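I opened the model today and kept short notes on what I looked up. The sequence and structure come first, then the entries.

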Amino acid sequence: ASAESGAPTIFDKIIAKEIPSTIVYEDDKVLAFRDISPQAPVHVLLIPKLRDGLTELGKAESRHGEILGHLLYVAKIVAEKEGIQDGFRVVINNGQQACQSVYHLHLHVLGGRQMKWPPG
Ligand code: 5GP
């Protein structure tokens, strides 16, 4: 995938349940599922079901405010459901230099171990 591409991503197939994932939260607007390559005991990906131009956070426009706010709120719900409210991290990798690999906006919700700061 490239940052400019509006091409479908693997997340479309996960949303459509054409490929399996372990879903931890779902509502009409967002889906949260376990990362296939977890970097912490809890590693959940949280995505808007409708990409609506949000290949990456850097494409956000004013009209995306509602879904962006909802994603952050649901990140907290996911952390609570996963029992990591004592400490968790929410990450958005934006673009090549930040190691974004899937061009459908997603929040990583990470927890269950001691984190380090700054990240690599
Ligand atoms: P990025 O590097 O773009 O911020 O994060 C993409 C994430 O998607 C990676 O952590 C990667 O492990 C995860 N991922 C890629 N393909 C799949 C898949 O088919 N299923 C699941 N559950 N996660 C995936």
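Entry 1. Where is the place of valine 74? I found valine 74 in helix α2. I note that this is a predicted model, in which local features need pLDDT of at least 70, side-chain atom pairs count only at pLDDT 80 or more, and totals for chains, interfaces and linings use all residues. Residues are numbered from 1 along each chain as its sequence is written. Helices (H or I, at least four residues) and strands (E, at least two) are DSSP runs, numbered from the N terminus.

Entry 2. I looked up the confidence. The protein averages a pLDDT of 95, and 96% of the residues score at least 70; pLDDT is the predictor's confidence in each residue, from 0 to 100. For the complex, the predictor gives an ipTM of 0.99 and a pTM of 0.96.

Entry 3. I went back to valine 74. Is valine 74 buried or exposed? Valine 74 counts as buried because it has 22 C-beta neighbours inside 10 Å. A residue is buried if 20 or more other C-beta atoms lie within 10 Å of its own, exposed if 12 or fewer, and partly exposed in between, with C-beta atoms placed from the backbone. Not counting residues up to four places away in sequence, valine 74 touches Tyr25, Val30, Ala32 and Leu46. Two residues are in contact if their C-beta atoms, placed from the backbone, lie within 7 Å. I also checked asparagine 93: from valine 74 it is 19 residues away in sequence and 18 Å away in space, C-alpha to C-alpha.

Entry 4. I turned to the sheet. It is an open sheet of five strands in the order β1-β2-β3-β5-β4, with antiparallel pairing. Its edge strands are β1 (23-26) and β4 (88-91), each of which pairs on one side only. Neighbouring strands of this sheet are turned by 20 degrees against each other on average, direction ignored. Helix α2 (residues 65-81) packs on the sheet and touches β1, β2 (30-34), β3 (42-48), β4 and β5. The direction of α2 makes about 155 degrees with that of β3. Axes are lines fitted to C-alpha atoms, for helices over the stretch in contact, and angles run from 0 to 180 degrees between N-to-C directions.

Entry 5. I went through the strand pairs. Two strands pair if DSSP finds at least two bridges between them. Strands of a sheet pair through backbone hydrogen bonds, either parallel or antiparallel.
- β1 and β2 form a hairpin with three residues between them, and they pair in the antiparallel sense over three bridges. Glutamate 26 has leucine 31 in β2 as its bridge partner.
- β2 and β3 are antiparallel, with five bridges. Here arginine 34 has valine 44 in β3 as its bridge partner.
- β3 and β5 run antiparallel and are joined by five bridges. Leucine 45 has histidine 108 in β5 as its bridge partner.
- β4 and β5 (residues 107-111) run antiparallel and are joined by four bridges. Histidine 108 in β5 is also the bridge partner of valine 91, and arginine 89 stands opposite leucine 110 in β5.

Entry 6. I asked why β2 is largely enclosed by the rest of the structure. The reason is that four of the five residues of β2 are buried. β5 is largely enclosed too, because four of its five residues are buried.

Entry 7. I looked for the nonpolar core, meaning a set of buried Ala, Val, Leu, Ile, Met, Phe, Trp, Tyr and Cys residues joined through C-beta atoms within 7 Å. The largest one has 24 residues, and those with the most contacts inside it are Ala32, Val44, Leu46, Ala75, Val78 and Val109. The elements that give two or more residues to this core are α1 (10-15), β2, β3, α2 and β5. Alanine 75 touches Leu46, Val90, Leu107 and Val109, not counting residues up to four places away in sequence.

Entry 8. Last, I checked the record. UniProt lists His106 for "active site" in an unreviewed entry; such annotations may be inferred rather than shown by experiment, feature names are shortened, and positions are given in the numbering used here. In the model, histidine 106 is found in the loop between β4 and β5. Histidine 106 counts as buried because it has 27 C-beta neighbours inside 10 Å.
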